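Subject: Structure handover

Hello,

Here is the structure I promised to pass on. Please open it alongside this note and follow the residues as you read.

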Amino acid sequence: MSLERVDTMRLVHWIDGLSEKLASVVSWALLLNALLITFNAISRKVFSVAWSSAFDMQWHFFAAVVFITAAYALQKNEHVRVDVFANRIGERGLAWIDLFGILFVLLPVCAGMMWLSGPKFWEALVAGHTRATRESSSAIPAWIILSFIPFGFALLALQGLAEAVRCIAFLRGIETGSRANRRFFDGE
């Protein structure tokens with residue numbers, strides 16, 4: 001295997017590791033969110049006290065989990081996909097479908113979402129917007145929750161590139177098994 005191929009696969013493994021580490025860190029947000037929901041429910045029902053910022057934090061934890069773990073879901077093959085033809089087209093056919101889907105659906109959608117959400121995030125950051133509305137007096141900065149959108153799609157695009165490289169390596173015979181197609185043929 002050439003040095004270029006080794007470096008490329010090293011980058012793919014680095015992206016995999018990044019997705020795994022971030023998903024591990026963010027998964028703790030689920031526990032924190034459960035504790036926060038419990039706290040909010042008890043304070044509202046037992047003490048008749050509600051904090052809009054505490055309620056707003058629930059959405060922040062949820063956004064972090066959804067947007068940041070999407071790349072991990074793609075890496076672990078837990079994303080939504082069409083399995084109708086899996087047994088008929090074989091691993092190479094699935095690798096081609098995955099590659100096509102990544103290049104012509106996933107990456108353009110990620111680029112579009114980063115392009116659309118980036119300015120909103122930047123505007124909220126620069127202007128110092130909060131999450132306060134007529135219904136809520138939350139003082140939490142709006143840029144926090146808005147940052148999860150472009151950041152999450154950037155991570156998803158990175159993982160998509162790693163999966164595309166993995167598909168190409170499989171199709172060229174460099175890698176013997178395609179992680180994206182493993183569950184169809186290894187009984188997962």
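A search of the whole structure finds zero disulfides. This is a predicted model, so please read every value below as computed from it. Cys110 has a relative accessible area of 0% and is buried. Cys167 is buried too, at 1% relative accessibility. Both values fall under the 20% cut-off for buried.

**Overall fold**

The protein chain has five helices and zero strands. Read from the N terminus, the order is α-α-α-α-α. The chain has 188 residues, and 36% of them count as buried. Its accessible surface comes to about 11600 Å². Carbon and sulfur atoms hold 68% of that surface. Residues 24 or more positions apart account for 76% of them.

**The nonpolar cores**

In soluble globular proteins, nonpolar side chains tend to be buried together. Which residues have the most contacts inside the largest nonpolar core? They are Leu99, Ile102, Leu106, Cys110, Leu156 and Leu171. That core has 14 residues. H3 and helix H4 (142–171) each supply at least two residues of it. H4 gives the most, with seven residues.

Leaving aside residues up to four places away in sequence, Leu99 touches Ala164, Cys167, Ile168 and Leu171. So one of the two cysteines above, Cys167, is a contact of Leu99, and Cys167 counts as buried because its relative accessibility is 1%. The other, Cys110, is among the core residues with the most contacts.

Asn40 is found in helix H1. Is Asn40 buried or exposed? Asn40 counts as buried, because its relative accessibility is 3%. What does the side chain of Asn40 meet there? A polar atom of that side chain lies 3.3 Å from the backbone oxygen of Ala54. The Asn40 side chain also makes a polar contact with the side chain of Gln58, at 2.5 Å. Residues up to four places away in sequence aside, Asn40 touches Ala54, Phe55 and Gln58.

Gln159 sits in helix H4. Gln159 counts as buried, because its relative accessibility is 0%. Which residues does Gln159 touch, not counting those up to four places away in sequence? They are Ile15, Asp16, Ser19, Ala71, Leu74, Gln75 and Arg166.

**Aromatic pairs**

A search of the whole structure finds three aromatic pairs. One of them is formed by Phe39 and Trp51. This pair is stacked, with 5.4 Å centre to centre and 5° between the planes. The pair links distant parts of the chain, 12 residues apart. Phe39 is in helix H1 (residues 3–45). Trp51 is in the loop between H1 and helix H2 (52–75). Phe39 counts as partly exposed, at 41% relative accessibility. Trp51 counts as partly exposed as well, at 45%.

Phe100 and Phe104 form another aromatic pair. This one is tilted: 4.9 Å centre to centre, with 40° between the planes. Why are Phe100 and Phe104 separated by about one helical turn? Because they are four residues apart in helix H3 (residues 86–127). Phe100 counts as exposed, at 51% relative accessibility. Phe104 is exposed as well, with a relative accessible area of 56%. Both values are over the 50% cut-off for exposed.

**One more position**

Ala70 lies in helix H2. Ala70 counts as partly exposed, at 27% relative accessibility. Where does Gly152 come in? The C-alpha atoms of Ala70 and Gly152 are separated by 7.2 Å. Along the chain, the two residues are 82 residues apart.

Best wishes

Conventions
Residues are numbered from 1 along each chain as its sequence is written. This is a predicted model: local features need pLDDT of at least 70, side-chain atom pairs count only at pLDDT 80 or more; totals for chains, interfaces and linings use all residues. Side-chain values use heavy atoms; hydrogens and water are left out. Buried means under 20% relative accessible area, exposed over 50%, partly exposed in between (1.4 Å probe, protein chains only). Contact means heavy atoms within 4.5 Å. Accessible areas come from the Shrake-Rupley method with a 1.4 Å probe; for residues, only the protein chains shown count as cover. Rings of Phe, Tyr and Trp (its six-membered ring) pair if their centres lie within 6.5 Å; planes under 30 degrees apart count as stacked, over 60 as edge-to-face and the rest as tilted. A nonpolar core is a set of buried Ala, Val, Leu, Ile, Met, Phe, Trp, Tyr and Cys residues joined through side-chain atoms within 4.5 Å. A polar contact is a pair of N or O atoms within 3.5 Å; within protein, one must be able to donate a hydrogen and the other to accept it, and residues adjacent in sequence count only if both atoms are side-chain atoms. A disulfide is a pair of cysteine sulfur atoms within 2.5 Å.
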